[in-house]
There are 2 protein chains.
Amino acid sequence: SNGTLTPHPLDQLEEIARGQGLDITDRKFAEYMDSIDPIGHLREDFCYPKMKDLPKTDLSLVNPDEDCVYFCGNSLGLCPKKFKEYMLMEVDKWMKTGVEGHTSGDLPWAWFDELFCEDMGKIVGAKKEEIAIMNGLTVNLHLQLISFYRPTPTRYKILIESKAFPSDHYAIESQIELHGYDPKTAMIQIKPREGEQLIRGEDILAKIEEEGDSIAVVCLSGTQYYTGQVFDIPTITKAGHSKGCYVGWDLAHSAGNVELHLNEWEVDFACWCTYKYLNSGAGCLAGFFLHEKHKDNTFPKLRGWWGHKLDTRFKMDNEWAPCVGALQYRISNGPGFLGPSIKASLEVFKKTSMKELRAKSLLLTAYLEVLIQRKYGGRGKVTNGRENGTQNGGEDWKQVHVDIITPSDPAQRGAQLSLSFSVPIQHVFEELTKRGVVCDERKPNVIRMAPAPLYCSFVDAYRGLEYLDQSIQAAAKIN
Amino acid sequence: SNGTLTPHPLDQLEEIARGQGLDITDRKFAEYMDSIDPIGHLREDFCYPKMKDLPKTDLSLVNPDEDCVYFCGNSLGLCPKKFKEYMLMEVDKWMKTGVEGHTSGDLPWAWFDELFCEDMGKIVGAKKEEIAIMNGLTVNLHLQLISFYRPTPTRYKILIESKAFPSDHYAIESQIELHGYDPKTAMIQIKPREGEQLIRGEDILAKIEEEGDSIAVVCLSGTQYYTGQVFDIPTITKAGHSKGCYVGWDLAHSAGNVELHLNEWEVDFACWCTYKYLNSGAGCLAGFFLHEKHKDNTFPKLRGWWGHKLDTRFKMDNEWAPCVGALQYRISNGPGFLGPSIKASLEVFKKTSMKELRAKSLLLTAYLEVLIQRKYGGRGKVTNGRENGTQNGGEDWKQVHVDIITPSDPAQRGAQLSLSFSVPIQHVFEELTKRGVVCDERKPNVIRMAPAPLYCSFVDAYRGLEYLDQSIQAAAKIN
Ligand SMILES: Cc1ncc(COP(=O)(O)O)c(C=O)c1O
Ligand SMILES: Cc1ncc(COP(=O)(O)O)c(C=O)c1O
């Protein structure tokens with residue numbers, strides 16, 4: 001299913017370049033793209049780190065006063081500028097009024113999380129009642145599996161990716177063991193085909209068709225953390241449902257990155273963290289989605305008083321009366337000091353839409369890709385699954401290879417490109433770090449670069465590629 | 001088991017008063033007590049709210065510039081002064097360096113929680129490896145019950161208090177249901193005797209003796225949130241063990257309040273919040289204790305990548321290799337912005353010891369009690385379980401009664417006194433609020449006052465009682 005988007009973002013880019021009489025690899029083209037970016041101004045809502053402030057930059061190699069190149073929004077998003085102000089309001093409230101802060105101020109600690117459900121819902125295509133914001137992602141996944149994974153001797157399996165994010169893998173493994181089943185037989189791990197790096201959507205569907213009757217829960221990531229591959233959530237969800245499975249999604253790398261319509265797609269449950277594309281700070285509260293069709297479910301749950309509806313919560317009579325919808329899954333009272341970053345972040349999202357954000361992201365990621373391909377052209381065919389548009393590889397391509405593992409089909413990826421190299425990755429990564437290109441290395445073998453469309457510009461991508469090139473050359477010499 | 005402490009703190013107070021030629025009800029006595037308080041200066045480490053800053057104070061009734069009377073440290077502790085500075089350091093780190101903050105600065109977000117385990121351990125009498133700091137209290141309780149509650153047809157019960165804190169009640173009820181048992185038969189709720197308000201320790205021991213063979217887990221609170229009663233953790237733990245039960249404790253109202261020796265007492269597991277006597281802010285990360293004897297247990301668990309040992313955590317090979325001890329129960333990566341308050345709080349605790357804090361607390365609570373008794377003498381005999389030392393009730397005692405529900409035995413209580421009144425409690429509470437006495441009302445029928453020894457003075461107790469008296473008089477008039 002390559003090339004499902006029309007016009008292909010690369011064709012769009014080329015058309016714009018032609019219209020401007022510019023070469024796509026020219027810095028002027030990046031500058032032009034920034035000048036017509038309808039959400040380019042949102043970068044001003046973030047604290048974009050400077051070269052000199054990053055602890056490991058080599059200031060002899062870069063201009064200390066320039067912005068770094070931040071390609072790490074898929075790991076930890078940048079700080080929204082309003083965060084400090086909102087945080088200081090809460091700090092001040094505690095300092096001045098102690099316990100009164102529970103019910104006063106902009107973010108009353110007793111219900112601050114509920115204030116975010118509607119806006120968070122818009123980001124993932126959900127109704128307010130379908131959303132809770134609490135705990136960490138994996139904790140939420142456990143709470144959901146406690147409800148949705150109720151194995152029976154004939155339906156006891158969970159379908160996951162063979163290289164699922166470790167936390168998901170461990171969570172699912174432990175849930176299977178909790179119910180006395182054996183992960184060896186109960187955990188189906190869907191793999192790429194021999195010699196391939198991406199999982200084919202058709203293979204997921206075939207597996208569901210084949211084993212669906214014994215699968216209790218299909219639990220995949222919306223966007224694969226390592227390869228950046230985006231799975232087809234509505235199709236897979238429908239396939240799971242047709243076999244009587246529940247279908248839940250880890251949206252850590254999807255929320256705020258690609259368009260989601262969880263309600264419309266009838267997804268049973270989903271969870272995501274808010275520290276990546278949602279820019280709410282390290283380990284901040286995670287999202288929790290429960291489809292409205294399950295709002296009054298009587299599934300097993302791990303209960304706590306914060307899931308009790310508010311009007312009788314403090315009657316202290318120990319008669320369980322749950323909130324409706326996702327909020328009934330809350331357990332403990334929420335950490336008020338995690339509210340300010342979520343507030344600051346959601347306010348930025350409210351200035352745009354996921355549709356607009358995704359439109360920019362498609363162009364920006366395609367732009368980064370084409371720069372890599374022009375420089376290291378002729379590479380990445382097999383794993384990338386897309387023929388290069390050009391054969392005129394850069395002068396260095398004979399020495400160094402760069403593979404883009406991420407699908408070339410824009411519909412099958414978000415902001416991230418996962419790169420592997422013919423030179424030692426550790427060296428490339430260190431050289432990038434010296435040059436203030438913030439990205440991350442994931443074992444065993446990729447560097448992930450994610451130009452997050454909320455605050456990354458086309459010039460960032462251009463500069464990033466220049467530094468990548470320098471880094472590869474330097475790494476090749478170390479080698 | 002009344003009067004187990006010698007000398008009784010009330011006798012100590014009276015001796016000091018005699019030595020100074022002061023009446024114990026005289027403000028001068030409170031001032032003298034403050035002058036000899038070895039930890040009185042620690043009040044300066046906290047932001048003590050002013051009358052004028054509290055949203056509901058009636059400034060015609062009090063001096064706006066005076067400190068309020070903060071008796072609510074059992075609900076939400078006061079803000080340590082260093083908090084703001086430490087928070088701003090983390091905010092700044094995110095603003096300037098993005099993802100680099102995970103591994104840099106004073107509180108690297110990737111492991112800030114581990115930095116606190118040793119100091120937290122000292123507060124509860126545990127070794128560093130026995131402690132984790134994560135999630136909310138009730139979430140932690142669930143994680144522990146997943147491991148320790150493994151019901152069998154012959155041993156499937158959980159012993160709790162009949163009026164356990166609602167969240168504990170719901171958590172335990174839901175755990176029982178998760179395993180397919182019926183809370184009606186599997187949840188044993190130990191009650192006070194007919195006509196009494198406190199649970200007798202001997203009744204708990206008798207119940208364990210009687211039903212212990214079918215009890216899987218004894219799960220009580222160390223300090224009862226409503227009555228303020230402190231249970232005898234070592235004796236009950238031993239009794240449970242002798243019957244083959246696991247014994248775990250909710251220490252929400254015990255941690256930072258009374259002396260604990262969890263390791264020595266062989267407690268299996270315990271959890272507590274840090275927002276009460278530990279002053280770490282609303283809904284902040286909770287404590288988790290796992291006795292070292294269980295450090296390598298193979299009990300069922302809800303796993304996540306943060307419980308994986310650090311050296312291979314990022315190998316991403318999905319081969320589970322847990323941390324040793326409590327940390328293996330971590331699931332999600334921790335919220336870095338909850339670190340600063342814990343740091344600021346623990347630094348204050350390091351300037352004293354639980355022994356010293358408890359010594360002051362015994363005197364301070366006894367002082368508040370004796371003021372109440374002198375004013376409303378002759379009341380509270382039945383529920384308080386201690387004969388009043390004096391019969392000269394205040395002039396108003398014929399009109400208004402105040403009952404102290406909390407045990408009079410200092411060994412059986414911490415900083416909190418739970419009061420009930422012969423006038424409508426809601427009116428008393430509102431009048432107290434107008435006068436800047438911060439305490440809380442708990443349904444159905446008490447006002448809880450907790451002079452936390454870290455920042456409350458004897459003069460606070462004196463002033464609190466004056467305001468209480470005014471409030472009762474005003475409430476009696478409304479009535
Ligand atoms: C005894 C007790 N247990 C549990 C809790 C609350 O738990 P959580 O922090 O999980 O909301 C409280 C809070 O007041 C409490 O007093
Ligand atoms: C796909 C995916 N799932 C889960 C997590 C982490 O979960 P948690 O927030 O529970 O630590 C991550 C974090 O990087 C992730 O990428």
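Let me start with ligand 1, which is surrounded by 13 residues, the closest being A:Ser332, B:Thr138, B:Asp250, B:Tyr275 and B:Lys276, where a residue counts as near if one of its heavy atoms lies within 4 Å of the molecule. This is a predicted model, in which local features need pLDDT of at least 70 and side-chain atom pairs count only at pLDDT 80 or more, while totals for chains, interfaces and linings use all residues. Residues are numbered from 1 along each chain as its sequence is written, chains are lettered from A and ligands numbered from 1 in the order in which they are written, and side-chain values use heavy atoms, with hydrogens and water left out.

Where does ligand 1 lie? Ligand 1 is placed between chains A and B, and its shell is made up of six nonpolar, four polar and three charged residues. In that grouping Ala, Val, Leu, Ile, Met, Phe, Trp, Tyr, Cys and Pro are nonpolar, Asp, Glu, Lys and Arg are charged, and the others, Gly among them, are polar.

On the chain A side, an N or O atom in the side chain of A:Ser332 is 2.6 Å from an oxygen atom of ligand 1. From chain B, the side chain of B:Lys276 brings an N or O atom to 2.7 Å from an oxygen atom of the ligand, and a polar side-chain atom of B:Asp168 lies 3.5 Å from a nitrogen atom of ligand 1. Of the 390 Å² of accessible area that ligand 1 has on its own, the protein covers 98%, by the Shrake-Rupley method with a 1.4 Å probe.

Turning to the interface, 84 residues from chain A and 83 residues from chain B take part in the contact, which means heavy atoms within 4.5 Å. About 6,900 Å² is buried between the two chains, and carbon and sulfur atoms give 67% of it; buried area is the accessible area (1.4 Å probe) that two parts lose on being put together, summed over both. A:Trp94, A:Tyr170 and A:Asn318 supply 12% of the area that chain A buries against chain B, more than any other three residues.

How many salt bridges cross the interface of chain A and chain B? The rule, a side-chain nitrogen of Lys or Arg within 4 Å of a carboxyl oxygen of Asp or Glu, finds six, including one between A:Arg303 and B:Glu177 at 2.7 Å, N to O.

Finally, confidence: the model scores ipTM 0.95 and pTM 0.95.

Key:
A polar contact is a pair of N or O atoms within 3.5 Å; within protein, one must be able to donate a hydrogen and the other to accept it, and residues adjacent in sequence count only if both atoms are side-chain atoms.
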